Amino acid sequence: MNNSWNAEVWRLVALLTIAIVVGLVFDHVLLFLCISLAGYLSWTLINLRHLHRWLAKGKKYSPPTSAGLWGQLFTEIYRLQKRNKKRQRRLVNLLARFRETTEAMPDGVVVMQANGTIEWWNDVGAKMLDLNYPQDVGQRITNLVRNPEFLSFYQRADQDEILSMPAPGDSNKTIAIQVTPYGHEQSLLTARDVTLLERVEQIRRDFIANISHELRTPLTVMSGFLEAMSGDDLNMDEQTQRSIKLMQQQSKRMYRLVEDLMLLSKLENEQKPIKHEVIAVPQMLQTLKEEAQVVSGPRNHVIELDVDETLFLYGDAKELDSAFSNLVINAVNYTPDNGHITIKWYEDESGRAVLRVIDSGIGIPSHHIKRLTERFYRVDVARSRETGGSGLGLAIVKHALNRHSAKLKIKSEVGRGSEFSCIFNKDAVTHKSDIRQVI
Ligand code: ADP
């Protein structure tokens, strides 16, 4: 390009020199200069016209031919066009392949712009969410998926949360929805068909609820007989008495397990919203402390209570009593004799209510902490059996707290102790003074 530019300058200089020489010969330098410049300008205008016509006609036509700088310019533009066309073709192919891939996915996919405006979806997404092309393009997803649970889920904008709900396009199906933000205020909604999983889960829940219910009656009968037999020890030898005692212990353990299973499946199956009774948590904790002291017995734990006497909660007293009791009794069970346990109940700086159960016990290795709330998950199975634990305590805590939109946080250090915190949202908090005013 640089060479052509130099050649063009030389061409102009040569033209002007010839014009001056001829002008000198005929004694009309200015006239010949003007004629030669006019000629050069006309040639430039003709080339500009060619360029304009070529670009206006579209890219399909080959470039006009010309000499010098103009010829070079045409060739460069043509090369640039070809390179762009190639890149465009590659992008189109990539887009087509992306669409093919998302169409082949068994999950529904919806691409959304800012404010949840729908831009694109795949076939499965259209069927699950009942979206129609083209009228739903540019609509807000919350205007089309009319489900109150979906609306509050979408407004919460928590990308780790998954919502299960009936598919708007087929109410016999259950879908699990997740919204992931990306790019500039864009988000990707994925919907997965979990109908079968949900059914299996329901069967499992029903099975546990039924089996624990069915086991309770024979266990009660057996425990009753064992109780009666242990009282009437006159005709029994020592060996039989020991066997009966052992059977009594085991049936008590089984009874506790069945009770925990029933409570857990009740918490899991409960569809109705939780009760909104006012709970006097300070009194509840005082009773729990006394119970814990009884459980500790000769092990002589120091149990300290540090509560805000005015801080009450809205919720279900029975459910929260089970949750708090599990945490406090665990602290006793997993803290060596004469250990320290502190129960704190206070309002934090953001107005949330917090229960903290802190012990100076054996602690939990960090890799176990994530799994502690799973059913039957125990760090040390033998030790848990020894303490009479069912392995369901923390699962009950988690479910009871979930039903109250509260969170469980666990901190622990092996050999130094553990700290279990239940954090309740501001809207579940009330105060003793407010209750009196209402009354
Ligand atoms: P369990 O009935 O076995 O106590 P949980 O669900 O209540 O079952 O607890 C699960 C496991 O978590 C326990 O087996 C124990 O290993 C561990 N754990 C719970 N609380 C504590 C604690 N305060 N200190 C140490 N380990 C604990």
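A salt bridge here is a side-chain nitrogen of Lys or Arg within 4 Å of a carboxyl oxygen of Asp or Glu. Keep in mind that this is a predicted model. By that rule, the count comes to 15 salt bridges. Let me walk you through some of them.

Start with Glu259 and Arg216. Their side chains meet in a salt bridge, 3.0 Å from N to O. Where do the two partners sit? Glu259 is in helix H8, residues 238-269. Arg216 is in helix H7, residues 195-231. The pair links distant parts of the chain, 43 residues apart. Now accessibility. Glu259 has a relative accessible area of 32%, so it counts as partly exposed. Arg216 is partly exposed too, at 29%.

Next, Asp337 and Arg299. The closest N and O atoms of this salt bridge are 2.9 Å apart. Both partners are in loops. Asp337 lies between helix H10 (317-333) and strand E9 (340-347). Arg299 lies between helix H9 (281-296) and strand E7 (302-307). So the pair ties together parts that are 38 residues apart in sequence. Asp337 is partly exposed, with 45% relative accessibility. Arg299 is partly exposed as well, at 24%.

Buried or exposed, or in between, for Arg371? Arg371 has a relative accessible area of 40%, so it is partly exposed. Glu374, at 34%, is partly exposed.

Last, a network. Which residues does it link? Salt bridges connect Glu201, Arg204, Arg205, Glu268 and Arg375. Have a look at that group in the structure above.

Notes: Residues are numbered from 1 along each chain as its sequence is written. This is a predicted model: local features need pLDDT of at least 70, side-chain atom pairs count only at pLDDT 80 or more; totals for chains, interfaces and linings use all residues. Side-chain values use heavy atoms; hydrogens and water are left out. Helices (H or I, at least four residues) and strands (E, at least two) are DSSP runs, numbered from the N terminus. Buried means under 20% relative accessible area, exposed over 50%, partly exposed in between (1.4 Å probe, protein chains only).
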